[in-house]
Amino acid sequence: MSELKLTVVGYSLIGLAIAGRVATAQEILQADIFAGEPFGVGRVEVLIDPGIDVTGAVVSDRNGRVFYPTHSVSTRKVRRLLRELVGAPQKLEAFFLFTGNQPLELSLPGAAAAVRVRPVANDAGHRQLLAAWWADFASPDKREDQSKDDPTIVEDYLIGALARRLRLQVPNEFLSQADRGDLTHAVRVLGGAESVRSQWVRRVALGRVASGDSDLALPKALSFPALSPPVDDKTKIEPIALRVPPELLYIRFGSFPNYLWFSHRLDEWSGEIRSLISERSVDYGLRKRQSEQLCLEESALAELLGPAVISDVALIGADMFQRDGAAMGILFEARNSALLANDINSDRAAALKANPSGVDEQVMIGDRQASYIHTPDNRLRSFYVAIDNYHLVTTSRAIAERFVQVAKDGKTLGRTAEYRFTRGMFATDRNDSVFVYLSSEFLQNLVSPRFQVELQRRLHSLAEMDVLGVARAEANGSTWTSLSETRKRVPESRGQVTVPSIAELRTSGVLPKDFGVRSDGSRLEERDGVVFDTVRGPRGMFVPVPDVPIQGVTAAEADECLQVASKYAASWEQMTPIVAAVSRTQGAQEGLEQVSLDVRLTPLAARQYQFLASQLGAPTKQRLATIPEDTASFDAVLSKAMGSEGGDYHLFGGLRNVDPRLVSGTMLEKVLGMFGGKELEGYLGAYPRPGILWLLGATAQAPVDEGGYSQFITGSWRRIIDQFTLLSFQPELLAEITPQLKFIPADRPAQAWIHAGDLRESKLAPALNAFGFRKATELSQGNARFLNSLSEQLHVPPADALTTAESLLSARLLCPLGGKYELVDSGNAPSRWASTALAAGGGSTDPTPRSTYEFPALYWIRGVEAEVRLTQEELAVHAQIQMPAQTRKTPALQLPGFSLPFGNARPTRQPEEIPAPTQKPKPTGSPREF
């Protein structure tokens, strides 16, 4: 039979025959439907109106025979831009696979009725169309666009699994990895960044995981030059630092109220921070999980009596692998050691009572007896050991052992030369609320072969858990039928089906044959429906990295360690500490507090940062004065490499108003707004020469009037006066700011200064609200698309998609707009998930923020003054942020039954602001030299 091509008339007649009316909403151009094994392949071309929602799958079959749909809309970017500008119909090209050779009843976007099409046999056409489907389905550009807001686990799995099953070539970018010699990559691995996890899911799904015998010795760690900074013997070191092993992360609070302030701020900001910087809008419940695992629970009464029992608190840890099981602990310095020990033990007893499978085992840590509470699933994993008036509660036996060891040998963080040198710059009498110190030993440990090998092994295990979860979801759809005859579904009494085992999925080809084969002898098993690693435990509660033994490594692991080591050796001259300090003082206005942040990040000796540093001029103590009327402004010193042949120069600018349509409007509104200039009220300037402003036409030849003004064809204005070159769309703004331009002494040498006023009360608030609303909308839509993809790609019943999604991610899906995810009736098409905060169908046709919406940053940030210094040796940042003072209700004193500092008592609370910020600025509120 020849290739089937249906015209507009043909489709209309078919729709009329089936549904009694013509699907006139859209123009159907062509369809190619070829039968084949194990899948047939189809393509449909449709003209659609711009208002039609084409997120997710746009084609489905009412009998559930369509699989792995993909589509593109006006693929040529120029054409797409023109269509968006004029609102013309767009061509949608949809591809899909299908099973069987019986007619399909397709649902298409905007059509009122299903369209019936009959597959034809055409081997050559099938091969060609299958290649076209795969090119679109596995498109790197499409994956990059989707990964901005959608969890990628389904796409990563399917591309790898389908390439393996159908013997298709994966794109080169599919298995590309970030530079393993970059310290930021190590940090991303430790933090469980999705880009790193995604690479492992792809490799596991594709069956491209190297294996072998672990019969080689672990390679030696890199030897970085030791730091020998000058040390002042008079420098004061806080006592708690003299109990911390030097290779551990150290976050010191200085007092229990500071710890409470930090803890409460995390609770308040968690949702907003996720919406601003997270890759996904999901909640992994990390704080609750870690508190439960440590057998410590913050109590109300702790806020009242904690300072009387605890004199200092510090968080310590060997890594930052928070999402799946970190090596971390809390170290307390007690005022009343007996009372603190009694309370900690009370909390531990309560945790055991709430977890019947828990065991309190008395173990020896060095020469100290310690309590080790644990459960088989690691839900509880808590070592408690006390020495003198220092009490450590940690998830890691290795950390507990080091705590005991340094108490005996005295080789602690506080006695290292680098820490004493740092304390000379960040003196203890600053009374910082939070002091963060990442020692050179800590950073070296992160890139050591010991850590890198175990991190890659645990990422491998996590990827197998991810792939197993998606594979089972897929296996419960009818795709498994077409892939293997070994499917074993046994109905239960409730009409449900049994979960296919790992062996069944591997035998059937759903999972790779070598799935679960690991060089370290670990494997995935199941107990009571929970998948766990036989060495590390279940997802989210892995045994900490330093507690997992490494008996040997494979040849591939050893080779990778050597490659990484050579990259580090070529890029990093030495490892030096990262330091950050946060302090609080009374704010500029009633109800505000000023939070000061100082950061010293000195691993910027790496050569990859030298290029950026070379673009900046030399640090200077002369900065441009802030113009009071500017809502936000900046001043940066650039080098001749950035567009100036005469040496360093200042590039500066100010912003007063932005029309929200430039942020969230249509493409036409954005283009016209930029050229009109009225929607952007601000200016750019340079001194003493135009520098990089030549790119904006600042050096163009144009008539100049007696005031130094020139107007360009774009509508912008230029003014040149007293070696200042200024650009703006408003000539009156140039006239206003020119007399105010002057240089003033800076507090410290720097290369960039940033100012922002109270944005909540400024003209910029509507634009920032529009930006925040757009970002929150994209995150919400991304979650909805992920939910819908489970049904579209894996045939998960729509009603089960939310439960399945949260199980796959081990997290709750959140709508940053405050809505709930619900199924929405889509008429002729299958129901789709969408947030109640957005329009039906998973998207919002109106980009304007709701009247009740406020960008969280507008509330929390009421003013910013910041300065930055970047050289080839270091990055230093000093910032002062105005924010609402924290007001919490403190508990009334109720005895007996109190619990400190993390007991379970919940007394009645009375209003009181705690802890209050310092009333006066501290004389040593910043490092001596910045």
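## Close-up views of a predicted model

**View 1. Surroundings of Arg518.** The side chain of Arg518 makes a polar contact (a pair of N or O atoms within 3.5 Å; within protein, one must be able to donate a hydrogen and the other to accept it, and residues adjacent in sequence count only if both atoms are side-chain atoms) of 3.0 Å with the side chain of Ser522, and another polar contact, of 3.3 Å, links the side chains of Arg518 and Ser461. The model is predicted, so local features need pLDDT of at least 70 and side-chain atom pairs count only at pLDDT 80 or more, while totals for chains, interfaces and linings use all residues. Residues are numbered from 1 along each chain as its sequence is written, and side-chain values use heavy atoms, with hydrogens and water left out. Arg518 is placed in the loop between helix H17 (502-508) and strand E17 (524-527), where helices (H or I, at least four residues) and strands (E, at least two) are DSSP runs numbered from the N terminus. With a relative accessible area of 12%, Arg518 is buried (buried means under 20% relative accessible area, exposed over 50%, partly exposed in between; 1.4 Å probe, protein chains only).

**View 2. The salt bridge between Arg518 and Asp533.** In this salt bridge (a side-chain nitrogen of Lys or Arg within 4 Å of a carboxyl oxygen of Asp or Glu), the closest N and O atoms are 2.6 Å apart. Asp533 belongs to strand E18 (residues 530-533) and Arg518 to the loop between H17 and E17, so the pair ties together parts that are 15 residues apart in sequence. Both partners, Arg518 and Asp533, are buried.

**View 3. The salt bridge between Arg62 and Glu105.** The side chains of Arg62 and Glu105 meet at 3.0 Å, N to O; this pair links distant parts of the chain, 43 residues apart, with Arg62 in the loop between strand E3 (60-61) and strand E4 (66-73) and Glu105 in strand E6 (residues 104-107). Arg62 is exposed, at a relative accessible area of 53%, whereas Glu105 is buried, at 15%.

View 4. The side chains of Arg774 and Glu778 form a salt bridge of 4.0 Å, N to O, and both residues lie in helix H23 (residues 765-794), four residues apart, about one turn of the helix. Arg774 is partly exposed, with a relative accessible area of 33%, and Glu778 likewise counts as partly exposed, at 28% relative accessibility.
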